[in-house]
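I opened my notebook to look up a few things in this structure.

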Amino acid sequence: MYNSVGGIFMIIQTDNFGHSKAFKAERCEGEYHYPMHLHQYAQIVYVYSGTLELQTWEHTERVSAGSFAVIMPFQAHKLDTLEPSSLLICVFSERLISDFTGENTLLRGENCVFLPGNEMKDYALKQLDFENSFLACDYTDEPQLRKVKSGIYAVCEEYFSKTKIVSRTSGNDLL
């Protein structure tokens with residue numbers, strides 16, 4: 001769904017609102033451009049190679065090779081590679097990270113991007129990555145969901161320990 005406010009176009013990504021899939025992941029190779037959008041699900045992006053520019057309403061950050069970005073539910077964002085890149089993009093239900101956010105899905109980090117420790121990075125990527133270019137699992141796929149949830153928790157634990165958490169006080173994203 002496309003909305004325009006003051007000449008700014010933003011996509012409301014309806015397939016990531018209350019969808020039956022608890023987790024979806026995609027490997028992207030080459031150029032990747034996704035316009036400003038928001039959705040109910042949280043998102044983790046890992047850059048294997050190249051550089052990704054992540055824009056939110058608050059600021060623009062560069063995600064370089066070896067770094068993660070964490071985008072919280074309802075946080076408007078835009079993704080653009082600056083060169084041919086290799087990315088892992090994981091989108092998952094906010095229910096999977098409720099241990100970190102509680103009932104407040106409007107929390108977010110002051111920054112989205114962080115450089116992980118090698119041990120955590122290796123573990124998380126082993127849990128989140130896969131053989132094919134796309135993976136999805138729902139709440140009934142317990143073995144696969146436990147595996148990816150452990151990877152999500154590893155990333156969130158390090159992200160929330162390295163990033164100042166702020167509560168969104170304005171409704172700009174949702175408006």
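**Helix 3.** I started with helix 3, residues 142-162, in this predicted model. Helix 3 has 21 residues and spans 30 Å from its first C-alpha to its last. That is close to the 30 Å expected at 1.5 Å a residue; the expected span is 1.5 Å times one less than the number of residues. Helices (H or I, at least four residues) and strands (E, at least two) are DSSP runs, numbered from the N terminus.

I then looked up which residues of helix 3 are buried. Among them are Leu-145, Val-148, Ile-152, Val-155, Cys-156 and Tyr-159. Buried means under 20% relative accessible area, exposed over 50%, and partly exposed in between (1.4 Å probe, protein chains only). I noted a general point: an α-helix has 3.6 residues a turn, so residues three or four places apart point the same way.

**Ground rules.** Residues are numbered from 1 along each chain as its sequence is written, and side-chain values use heavy atoms, without hydrogens and water. As the model is predicted, local features need pLDDT of at least 70 and side-chain atom pairs count only at pLDDT 80 or more, while totals for chains, interfaces and linings use all residues.

I traced an open sheet of six strands in the order 12-8-5-10-3-13, with antiparallel pairing. Strand 12 (113-114) and strand 13 (134-138) stand at the edges. Each has a single partner strand, so one side of each is left without a neighbour in the sheet. Two strands pair if DSSP finds at least two bridges between them. Strand 3 (residues 21-30) and strand 13 have five, in the antiparallel sense. Lys-24 stands opposite Ala-136 in strand 13.

**Helices across strands.** Helix 3 lies across strands including strand 3 and strand 13, and runs at about 100° to strand 13. Helix 2 (residues 118-128) lies across strands including strand 8 (68-71), at about 65° to strand 8. Axes are lines fitted to C-alpha atoms, for helices over the stretch in contact (heavy atoms within 4.5 Å). Angles run from 0 to 180 degrees between N-to-C directions.

**Cysteines.** How many disulfides are there? I found zero, counting pairs of cysteine sulfur atoms within 2.5 Å. Cys-90 is buried, at 1% relative accessible area. Cys-137 is buried too, at 2%.

**Confidence.** The mean pLDDT of the chain is 84; pLDDT is the predictor's confidence in each residue, from 0 to 100. Over residues 1-7 pLDDT stays under 50. Where pLDDT is low, the predicted coordinates should not be read in detail.
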